[in-house]
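Colleague: I have not seen this one before. Can you walk me through it?

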Amino acid sequence: MSEAMTTAFSTALTSVQGDVTSLVTTALPVGLGIMGLMLAIRLGVKFFRSVAK
């Protein structure tokens, strides 16, 4: 019985790992794109403020 529970637990954790990896793989490009856009806007505003002085 303990062996069956260990196998079930291991299978469940492996399944969760696959699901989380899939979610991160899906969300990472979108998150990086948003962060890059925000950084570009911040640097652009800082540049134009320094030029405007």
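Colleague: Where is the place of G31?

Modeller: G31 sits in helix α1. Helices here are DSSP runs of H or I with at least four residues, strands are runs of E with at least two, and both are numbered from the N terminus. This is a predicted model, where local features need pLDDT of at least 70, side-chain atom pairs count only at pLDDT 80 or more, and totals for chains, interfaces and linings use all residues. Residues are numbered from 1 along each chain as its sequence is written, and side-chain values use heavy atoms, with hydrogens and water left out.

Colleague: And how does G31 count, by relative accessibility?

Modeller: G31 is partly exposed, at 29% relative accessibility. Buried means under 20% relative accessible area, exposed means over 50%, and partly exposed lies in between, with a 1.4 Å probe and protein chains only.

Colleague: What separates the C-alpha atoms of G31 and T6?

Modeller: The distance is 36 Å, for residues 25 apart along the chain.

Colleague: What about L32, buried or exposed?

Modeller: L32 is exposed, with a relative accessible area of 52%. L32 also has its place in α1, and L32 belongs to a nonpolar surface patch with V16, V20, V24, L28 and M35. Together they have about 580 Å² of accessible area, by the Shrake-Rupley method with a 1.4 Å probe, where for residues only the protein chains shown count as cover.

Colleague: What makes a patch?

Modeller: Its residues have over 30% relative accessible area and no salt bridge; nonpolar side chains (Val, Leu, Ile, Met, Phe, Trp, Tyr) are joined within 5 Å, like charges within 9 Å. A salt bridge is a side-chain nitrogen of Lys or Arg within 4 Å of a carboxyl oxygen of Asp or Glu.

Colleague: New topic. How many helices and strands are in the chain?

Modeller: The protein chain has 1 helix and 0 strands. Its radius of gyration is 23 Å, well over the 10 Å from the globule rule for 53 residues, so the chain is more spread out than a compact globule. That radius is taken over C-alpha atoms, and the rule is 2.2 Å times the number of residues to the power 0.38.

Colleague: Where does α1 bend?

Modeller: At A27, by about 30 degrees, and the proline P29 follows within four residues. The bend is the angle between axes fitted to the seven residues ending there and the seven starting there.

Colleague: How much of the chain counts as buried?

Modeller: Of its 53 residues, 0%.
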